[in-house]
Amino acid sequence: MNLSVIHDVVLKRNHSAAQSFGWTHGTLLIVVTQSHLIIHNLFEGMIWFIVPNSCVICNDIMAYMFGFFFRRTPLIK
């Protein structure tokens, strides 16, 4: 935002414009900060979702391969 706009609003004592300017910036500050923190928290917690799921996937693949190569009875008759 250009400083001349703020200067004009303050010097001309246009109270409604200054109030609107303040509410807009306050609202944007709250919304943007919350959004940033939610996304940051999401990415920090994603490791607790990816690691256990990848362990389960690797276990399933290894169990399938072990059963395929070392089985005593066929899986599909």
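Residues 45-70 form a span that is 96% helix and 0% strand, with end C-alpha atoms 38 Å apart. The UniProt record, an unreviewed entry, lists these residues as a "transmembrane region", together with residues 21-39. The model is predicted, and the protein chain averages a pLDDT of 83.

**Annotated spans**

**Confidence**
- Of the residues in the protein chain, 77% score a pLDDT of at least 70.
- Confidence is highest in helix α3 (residues 47-70), where the mean is 92.
- Helix α1 (residues 3-11) has the lowest confidence, with a mean of 65.

**Cysteines**
- The count of disulfides in the model is 0.
- C55 takes part in no disulfide, and the nearest cysteine sulfur, that of C58, is 6.8 Å away.
- With a relative accessibility of 47%, C55 counts as partly exposed.
- C58 is likewise in no disulfide, and the nearest cysteine sulfur to C58 is that of C55, 6.8 Å away.
- C58 counts as partly exposed because its relative accessibility is 46%.

Note on methods
Residues are numbered from 1 along each chain as its sequence is written. This is a predicted model: local features need pLDDT of at least 70, side-chain atom pairs count only at pLDDT 80 or more; totals for chains, interfaces and linings use all residues. Side-chain values use heavy atoms; hydrogens and water are left out. UniProt positions are given in the numbering used here, feature names are shortened, and annotations may be inferred rather than shown by experiment. Helices (H or I, at least four residues) and strands (E, at least two) are DSSP runs, numbered from the N terminus. A disulfide is a pair of cysteine sulfur atoms within 2.5 Å. Buried means under 20% relative accessible area, exposed over 50%, partly exposed in between (1.4 Å probe, protein chains only). pLDDT is the predictor's confidence in each residue, from 0 to 100.
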